[in-house]
Amino acid sequence: MKSGHIIWTITKTHCLVYNFLPSISAAIGDSETARSIWRILIFVHILPRYITCVAYLNFFFHSPYSSTNSFLFTLVTVSTAAFNFFELNSLLLLTVFTSNEHHGLHVFGFSSFQICALIYMSCHVLLFKRSGRSLSGRLARHSYKFKHKCLFATVLLLGLCTYFYYRHNKYCEPFVFSAFAFFEYLLVVANVLFHSTIRFDLRGMSLVFG
């Protein structure tokens with residue numbers, strides 16, 4: 001009975017219609033254990049993500065394959081790093097402020113995370129081509145194609161999430177919020193896979209402080 005109550009709590013929405021999948025926000029926001037695990041994982045990996053942001057800035061600026069030194073290229077490169085930085089800040093925001101405790105801040109953090117992530121990914125793919133990195137070897141070509149697929153999946157999944165979220169709030173139909181949650185899971189997976197291409201891009205490089 002207690003288990004059933006927990007499942008109903010994390011899948012419950014303002015519509016009070018039946019759903020079988022919780023959103024990520026509900027899953028990590030309604031359980032102290034899940035909330036603690038989520039925060040620990042985010043806090044542990046966030047510093048390397050900030051370092052990666054700077055590493056990619058240098059990766060594009062110092063590409064030996066690039067013949068582009070224009071102001072526009074510099075502006076796009078810096079802007080790309082900035083959107084990656086904002087993406088990470090938004091991830092921290094939605095982690096610290098959960099949906100059930102600070103709903104408005106959490107929604108803002110989640111929305112800005114998705115927007116900044118999409119802009120970052122688009123600019124990153126563009127820079128990967130314009131800097132010549134996409135032609136620097138077999139792994140680079142594979143990375144470029146994989147980034148393209150992840151970007152396409154992100155656009156598609158973000159559109160589906162937006163559609164089902166709107167439909168859920170507009171019509172309050174059963175299972176629609178579960179459809180939103182399912183595509184939200186896939187959207188996060190696409191984001192993780194995009195960032196995982198660092199294993200191809202920075203392979204063999206060293207991090208030097210000082």
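Student: Where is Ile-46 found?
Tutor: Ile-46 sits in helix α3, which covers residues 32–61. Keep in mind that this is a predicted model.

Student: Is Ile-46 buried or exposed?
Tutor: Buried: the relative accessibility of Ile-46 is 8%, and the cut-off for buried is under 20%.

Student: And how far is Ile-46 from Leu-88, in sequence and in space?
Tutor: In sequence, Ile-46 and Leu-88 are 42 residues apart. In space, their C-alpha atoms are 7.4 Å apart.

Student: OK, zooming out. How many helices and strands are there in the protein chain?
Tutor: Eight helices and zero strands. Going along the sequence, the pattern reads α-α-α-α-α-α-α-α.

Student: What share of the residues in the protein chain is buried?
Tutor: Of the 210 residues in the protein chain, 39% are buried.

Student: Let's pick helix α5. What should its span be, and how far apart are its end C-alpha atoms?
Tutor: Helix α5 runs over residues 103–130, so that's 28 residues, and at 1.5 Å a residue the span should be 40 Å. The end C-alpha atoms are 40 Å apart, so the two agree.

Student: Which residue with a positive phi follows α5?
Tutor: That's Gly-132, with phi near 85°.

Student: Switching to rings. How many aromatic pairs does the structure hold?
Tutor: There are 15 aromatic pairs. One of them is Tyr-120 with Phe-194: the ring centres are 6.3 Å apart and the planes are at 80°, so this pair counts as edge-to-face.

Student: Why edge-to-face for Tyr-120 and Phe-194?
Tutor: Because edge-to-face needs planes over 60 degrees apart, and the planes of Tyr-120 and Phe-194 are at 80°.

Student: What does the pair of Tyr-120 and Phe-194 tie together?
Tutor: Tyr-120 is in helix α5 and Phe-194 is in helix α7 (residues 176–195), so the pair ties together parts that are 74 residues apart in sequence.

Student: Which charged end sits over the ring of Phe-194?
Tutor: That of Lys-147, 5.3 Å from the ring centre.

Student: What about Phe-59, which charged end sits over its ring?
Tutor: There it's Arg-133, whose charged end is 3.9 Å from the centre of the Phe-59 ring.

Student: Which residues form one aromatic cluster with Phe-59?
Tutor: Tyr-56, Phe-60, Phe-128 and Tyr-144 form that cluster together with Phe-59.

Student: New topic, the surface. Which residues form a nonpolar patch there?
Tutor: Tyr-18, Phe-20 and Phe-175 do, and together they have about 360 Å² of accessible area.

Student: Where is the place of Phe-175?
Tutor: Phe-175 is in the loop between α6 (138–171) and α7. With a relative accessible area of 43%, Phe-175 counts as partly exposed.

Student: What is the phi of Phe-175?
Tutor: About 70°, a positive value, even though Phe-175 is not a glycine.

Student: And the phi of Cys-172, what is it near?
Tutor: Near 55°, so that's positive phi in a residue other than glycine again. Cys-172 is also placed in the loop between α6 and α7, and its relative accessibility of 28% makes it partly exposed.

How values were computed: Residues numbered from 1 in each chain as written. Predicted model: local features only at pLDDT ≥ 70, side-chain atom pairs only at ≥ 80, totals over all residues. Heavy atoms only, no water. Helix = DSSP H or I, 4+ residues; strand = E, 2+ residues; numbered from the N terminus. Expected span 1.5 Å × (residues − 1). Phe/Tyr/Trp six-rings, centres within 6.5 Å; stacked < 30°, edge-to-face > 60°. Lys NZ or Arg CZ within 6 Å of the ring centre and 35° of its normal. Patch = residues over 30% accessible without salt bridge, like charges linked within 9 Å, V, L, I, M, F, W, Y side chains within 5 Å. Areas by Shrake-Rupley, 256 points an atom, 1.4 Å probe, with all protein chains shown as cover. Salt bridge = Lys/Arg side-chain N within 4 Å of Asp/Glu carboxyl O. Buried < 20%, exposed > 50% of the residue type's maximum accessible area, 1.4 Å probe, protein only.
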